[in-house]
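Please keep the sequence and the model open while reading.

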Amino acid sequence: MRIITLLFSFSLLICSYCFAGSHEHDEHHHDEHHDDEEKHGTQDAHLHGYAEANVVIDGNSLEFNLDSPSANIVGFEYEASTQSEIDTVKAAEKTLKNTKKMFSFKGTSCQAKKVLVDVSALLDKKTDAAHNTEHDHHDEHHHDEHGDDGEVHSDVEANYQFVCKDGSKLKSIALVLLNSFPAIETLKVDWVKDGKQGSVKLSGKSNEVEFK
Ligand SMILES: [Zn+2]
């Protein structure tokens, strides 16, 4: 009995130490870190709801790069393990590869020559090919990036190369991808065309990059 009382008061002592606000034992203070995303400004702009792209037009060739937190694309950022997660990633990958669902060119027509979509942080090749069976429980995210807060974050990247009929006539690109991925609330686009450059922030309502 006395031992229990002793243990009890000892743990009380430890607890009051915890509550005193010491951050030496940070491991179990997850709750305090929920707003970390906003503070991580230095970390290549990984902000859910936000994505970045750049367009370079040189003569008739056009290159477009997109970098978005995975959360905007599929709703999660860890490696897909359930069949429905895997299906979600594959569907998103298909949309990203379908340039008609991503872009609409005005002033001239542009043909895709090369499309690279990287969802490797979300889709392990092994999971993809073989066992989508009874393995729902191995969801350790060892391949993913862990932030300081212990949460998993990852990005989806896509690279597109087009050849346009007459690059000098290209007036604008509507980024219709914002309809396919409404979780991208803001898409910042930096562009370079024939010595001119600009930067715009787009949303679903205003999705056009004008080159002027
Ligand atoms: Zn994230």
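Two residues are in contact, or touch, if their C-beta atoms, placed from the backbone, lie within 7 Å.

## Basis of the model

This is a predicted model, in which local features need pLDDT of at least 70, side-chain atom pairs count only at pLDDT 80 or more, and totals for chains, interfaces and linings use all residues. Residues are numbered from 1 along each chain as its sequence is written.

## Overall make-up

The chain has 6 helices and 11 strands. Helices (H or I, at least four residues) and strands (E, at least two) are DSSP runs, numbered from the N terminus. Among contacts with a separation of 6 or more, 70% join residues 24 or more positions apart.

A residue counts as buried if 20 or more other C-beta atoms lie within 10 Å of its own, as exposed if 12 or fewer do, and as partly exposed in between. Of the 212 residues in the chain, 23% are buried.

## Nonpolar core

A nonpolar core is a set of buried Ala, Val, Leu, Ile, Met, Phe, Trp, Tyr and Cys residues joined through C-beta atoms within 7 Å. The largest one holds 35 residues, and A53, V55, V89, L122, L175, L178 and L187 touch the most other members. Two or more residues each come from strand 1 (50-58), strand 2 (61-69), helix 3 (70-74), helix 4 (83-97), strand 7 (155-164), helix 6 (177-180) and strand 9.

Leaving out residues up to four places away in sequence, V55 touches L62, F64, I173, V189, W191 and V209.

## Strand pairing

Two strands pair if DSSP finds at least two bridges between them. Strand 9 (residues 186-193) and strand 10 (residues 196-202) are antiparallel and share 7 bridges. They form a hairpin with 2 residues between them, and D194 in the turn has a positive phi of about 45°. V189, one of the contacts of V55, stands opposite V200 in strand 10.

An open sheet of 3 strands runs in the order 3-8-11 with antiparallel pairing. Strand 3 (104-106) and strand 11 (208-210) each have a single partner strand, so one side of each is left without a neighbour in the sheet. Strand 8 (residues 172-174) pairs with strand 11 over 3 bridges, and S172 has E210 as its bridge partner.

## A112

Beyond its neighbours within four places in sequence, A112 is in contact with T99, Y160 and F162.
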